[in-house]
Amino acid sequence: MVTKLLALEVYPQLKDVDFRVLRGVELNMRHYEWVPLERIASFTRMEIGSVSHRLGKLDNWGLVMRRSDLGYIGYQLTSHGYDALAIRALSKKGVIEAISTTQIGVGKEADVYVGITPEGREVAVKFNRIGRTSFTKIKLYRNEFKDKRHISWLYVSRLVAEREYEALRLLSPIAKVPEPVAWNRHVLVMEFIDGVELVDLRDTDLTTEEAEEILERILEEYRKIVAFGIVHSDMSLYNIVLRDDGDILIIDWPQYVTTAFPEARFYLERDLRVLLNSFERKWRVKKEWDEVWPSFEEAFLESLGE
Ligand SMILES: Nc1ncnc2c1ncn2[C@@H]1O[C@H](COP(=O)(O)OP(=O)(O)OP(=O)(O)O)[C@@H](O)[C@H]1O
Ligand SMILES: [Mg+2]
């Protein structure tokens, strides 16, 4: 399903005051599930009447939601409102000048669009939609959430963007992953990659020999990453891009763990088995576990200084 970037469609109609109101809702959502109208009014230093009028417009555009059955009138930011705030911040910082309304990637937990920097460079803009379908990626962060009173999608989707930015920052100097550009709220901006995901290739698109060569390159890359101390933990044909120039890239990093993480070894083994099984099933590449695992085990231990 291709989703339109609604925030982008209404963006030209938004005034400074709208962003101030949205920001008032956003900040107060740390304390309220539904932010009282009075709180928004006092944050924005606006009259109740005029803030209520702006909120009505924002509601019609789909950027906030309103509830009146709580004993008070309360507002909540929608994911589109959150998008609008992130787009505004990234454009003010000079990170992006424009975003295309056509989506390039449809993931389970993110929508990816092409953006243009003020210098005219193409970038990928990834909007995290965690919570839209499931909370699969969050399981890994349970510890970080233990002390939070309420875990909102706002907080989680922001954490996801920050974590992926961090992974790309650490890995891009040493391995084939997209170069990160910036992040704001739940949005990650990174180098745009022209290519095709391995999952979109047909079995007839590659010979067994070609596929074997690609698998070797992926394993070589992944070994470097593991030796550095990081495990992807969602490795699959969906998250490997074959570039037009024949090179490969490993994408989609928010759920990474360090090799010191208690279940890191389990995730690494699972990643490798997924890769070997997919290459065998799709392109009949036969690679024995015992041929692959020892060098990864060595890299894993090396990363731990053992
Ligand atoms: N840097 C990039 N350049 C070009 N296209 C990208 C880039 N990053 C992601 N994409 C495209 O967007 C799709 C979704 O991105 P990604 O895999 O990072 O998130 P996701 O699949 O939504 O996460 P999940 O695996 O949880 O579903 C990719 O499969 C790819 O087609
Ligand atoms: Mg993906």
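Helix H7 lies across strands S6, S7 and S8 and runs at about 160° to S7. Helices here are DSSP runs of H or I with at least four residues, strands are DSSP runs of E with at least two, and both are numbered from the N terminus. Axes are lines fitted to C-alpha atoms, for helices over the stretch in contact, and angles run from 0 to 180 degrees between N-to-C directions. Two residues are in contact if their C-beta atoms, placed from the backbone, lie within 7 Å.

This is a predicted model, in which local features need pLDDT of at least 70 and side-chain atom pairs count only at pLDDT 80 or more, while totals for chains, interfaces and linings use all residues. Residues are numbered from 1 along each chain as its sequence is written, and chains are lettered from A and ligands numbered from 1 in the order in which they are written.

Five strands form an open sheet in the order S4-S5-S6-S8-S7, with antiparallel pairing. Strands count as paired if DSSP finds at least two bridges between them. S4 and S7 (180–184) stand at the edges with a single partner strand each, so one side of each has no neighbour in the sheet. From one strand to the next, the twist averages 25°.

Now take the pairs. S4 (residues 98–106) and S5 (residues 110–116) run antiparallel and are joined by five bridges. A hairpin of three residues connects S4 to S5. Val106 stands opposite Asp111 in S5. Further along the sheet, five bridges join S6 (residues 122–128) to S8 (residues 187–191), again antiparallel. Here Phe127 stands opposite Val187 in S8.

H5 lies across S4, S6, S7 and S8, at about 130° to S7.

What does the largest nonpolar core contain? It has 73 residues, and those with the most contacts inside it are Leu22, Val25, Val125, Val187, Val189, Val226 and Val231. H7 (residues 153–171) gives the largest share of this core, eight residues. Such a core is a set of buried Ala, Val, Leu, Ile, Met, Phe, Trp, Tyr and Cys residues joined through C-beta atoms within 7 Å. Buried means 20 or more other C-beta atoms within 10 Å of a residue's own, exposed means 12 or fewer, and partly exposed lies in between, with C-beta atoms placed from the backbone. In soluble globular proteins, nonpolar side chains tend to be buried together.

Val51, Arg54, Leu55 and Leu58 of H4 are buried. They lie on the same side of H4 because they cover an arc of only 100° around the axis. The arc is taken from the directions from the helix axis to the C-beta atoms. The buried residues of H4 pack against H2 (16–28), H3 (37–44), S2 (64–67), S3 (74–77) and H5 (79–92). The face turned away from the buried side carries exposed Gly49, Gly56 and Asn60. Just after H4, Gly62 takes a positive phi of about 85°.

Next comes another sheet. Three strands form an open sheet in the order S9-S11-S12, with antiparallel pairing. S9 and S12 stand at the edges, each with a single partner strand, so one side of each is left without a neighbour in the sheet. Neighbouring strands are turned by 30° against each other on average, direction ignored.

S11 (residues 240–243) pairs with S9 (residues 195–197) over three bridges, and three bridges also join S11 to S12 (residues 248–250). Leu242 faces both ways: it stands opposite Val196 and opposite Ile248 in S12. The hairpin of S11 and S12 has four residues between the strands, and in it Gly246 takes a positive phi near 95°. Helix H8 (residues 208–228) lies across S11 and S12, at about 45° to S12.

Finish at H10 (residues 289–303), where Ala299 is found. Is Ala299 buried or partly exposed? Ala299 is partly exposed, because 19 other C-beta atoms lie within 10 Å. Leaving out residues up to four places away in sequence, Ala299 touches Arg223, Val226 and Ala227. Val226, counted likewise, touches Ala299 and others, including Val231, Thr259, Leu268 and Phe296.
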